[in-house]
Amino acid sequence: MNEIEKRVLANPKYQELIRKRTPYGWIMISIMFFVYYGFVLLVAFAKGFISTPIASDMTTTWGIPLGVGVILTTIILTGLYVRRANAEFDPLVNDIVREAQK
Amino acid sequence: MNRVFAQIFLGLLSAPVLGTALVTAAHAADPAQASGSSTNWLAIAMFAAFVGLTLWITKWAASKTRTAGDFYTAGGGITGFQNGLAIAGDYMSAASFLGISAAVMYAGFDGLIYAIGFMVGWPLITFLIGERLRNLGRYTFADVAGYRFAQAPIRVFAASGTLVVVLFYLIAQMVGAGQLITLLFGLPYWVAVVIVGLLMMVYVLFGGMTATTWVQVIKAVLLLGGVSFLAFMVLLQFKFSPEAMFSEAVRIKTELADGDLAKGLSIMGPGKFVEHPFSTISFGMALMFGTAGLPHILMRFFTVPDAKEARKSVLWATTWIGYFYILTFVIGFGAISFVLTNPSFLNPDGSLIGGNNMAAVHLSNAMGGPIFLGFISAVAFATILAVVAGLTLSGASAVSHDLYSMVLMKGGHDTKKELKVSRATAAILGLISIILGITFEKQNVAFMVSLAFAVAASANFPVLLMSLLWKDCTTKGAVAGGFVGLATALVLMTLSKAVWVDVFGFEQAVFGWTSPALISVPAAFLTIWAVSMLDRSTNADKERAAFPAQQIRSETGIGIAPAVDE
């Protein structure tokens, strides 16, 4: 391990980055898993509910908004992650890089 | 360059807009005429315009392609937005455009379930892989997976994983291309396959990643423009009420089922696709993890300058792909109302002229007349071309960078030679795909895409994830687990209905699920874990000790190779 790496490792900001970013990634992945497999399980085991119209005089079933919702969730979660990464992780990374090269 | 580009591109986009003005006049013509197998000159002309533009770009790209870095990664100078479009372009293949809209037309809601599967792998890439990939790698995903490992074994594995995925994907695309082009343009099958193969070789050989990326970007914009127009026209007919669109679809489906309302309503809920829940879950798993293991997608993360742009590119890609699938769903329902009810698109037995996958193509004729039909046909052709170019480039990098440069030459740097090998491989892959495309003409190749996803999910993805995030992972563990995943996926796919029954002609499938992922993915992860834990060699200790340094680089980008190549 070279000097720069040693400095990074000793930097509390690096520890903070590791402590925050990876677990955040896993939490977001877990939400995605929960949403997607929740949808798949509903589709597989609660067919009746999925095929029920959202109102008695309508054709649109619950499955449609839920399905489109999964697609939108994917985009929204990605957006949330990118926003936090831009606002919080990037400045941390920039600090770490700058402080390591002093 | 950008301005010229934008002008040409707007010119191309205006074609369908002009088309709508002519709809009324053109609509009187027999729609079947244009979608049959007679030579469709309008579509050919639009396609020729696309090819002309892309060849011009290739010429420009060739003048910029000097080093290995230019060839493999466009010199790392693609922006996040451009790369997002290129990634989306790689993912929105003709198969997903035509296949999913047709699936929605036939089965309604099931098509949506299928489309969702293709969406959910993207967050996985965003949250855990994309930025790290950019920080650790240069040309191929093996750079990343093998960052702290013994190079020869991991590269041999990664190249095998890449080539298996690329070849199966290529064959599926080539056969699809041949059939589609025969139908849309009225060209003989072999001519179509040869044209695709040769054009793809020109892009890759001369223009490298720069040309491949721009071809992909243009095609993505054309395709997104096309589906937007199509979906807009469909929704316009229903005064932008999805409810009206659904109830009309149910009415038509009921009518087609001789008044059986239950059958009509079946398109609004889960049907055959989820008859076997475990099979569905396994298939979903292959799509989710497979996306994060497709070499031609992973390769795109090396074309952007830094991790921030990599992150931006997945956000754009995810947004465009989601938008695309939602519109595809609308298009499928539109096809129920405007294709299934129009005798000029149907054979006497009620099936679609030209085959099951033609729903979106016929709909484009119904909504925009022959000019829009020509546009959509040209876009479908362009789509295949762009996707095969990306696949070929990633296969070529695996051979020249991983096998030739890192294994054979043991990392000894001679970029000129490496480039030569890469170009030679691209040419050979092009020839192989032409030959296999012609050989497999009459085969059912649909399973090959799911096979490619299954292998990507079971071999490439576990190795990539574990080497990135698990400090105790060792070379032996990664290589053993990767090959176990690869072999399990291949064996189970061979025993499943798609190969065992449909190709080999046995009576019953040994393996009952559509996808092996639910077994082969855990098998790969378990093997990586077990073998790594049991690995007590001194090399293993060194590899574990190298994790903190790898982590520093993957998290911060410190030590990253500059975008400018030697």
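**Aromatic pairs and the A–B contact**

Over all chains, the structure holds 41 aromatic pairs, where rings of Phe, Tyr and Trp (its six-membered ring) pair if their centres lie within 6.5 Å. This is a predicted model, with local features needing pLDDT of at least 70 and side-chain atom pairs pLDDT 80 or more, while totals for chains, interfaces and linings use all residues. Residues are numbered from 1 along each chain as its sequence is written, and side-chain values use heavy atoms, without hydrogens and water.

Student: What kind of pair do Tyr24(A) and Phe89(A) make?

Tutor: Planes under 30 degrees apart count as stacked, over 60 as edge-to-face and the rest as tilted. Here the ring centres are 6.1 Å apart and the planes sit at 65°, so Tyr24(A) and Phe89(A) are edge-to-face.

Student: And is Phe453(B) buried or exposed?

Tutor: Buried means under 20% relative accessible area, exposed over 50%, and partly exposed in between (1.4 Å probe, protein chains only). At 2% relative accessibility, Phe453(B) counts as buried.

Student: How much area is buried between chain A and chain B?

Tutor: Buried area is the accessible area (1.4 Å probe) that two parts lose on being put together, summed over both. Carbon and sulfur atoms give 77% of it here, and the total is about 4500 Å².

Student: Which residue of chain B forms a salt bridge with Arg21(A)?

Tutor: The rule wants a side-chain nitrogen of Lys or Arg within 4 Å of a carboxyl oxygen of Asp or Glu, and it finds 4 salt bridges across this interface. For Arg21(A), the closest N and O atoms are 3.3 Å apart, and the partner is Glu131(B).

Key: Chains lettered and ligands numbered in written order.
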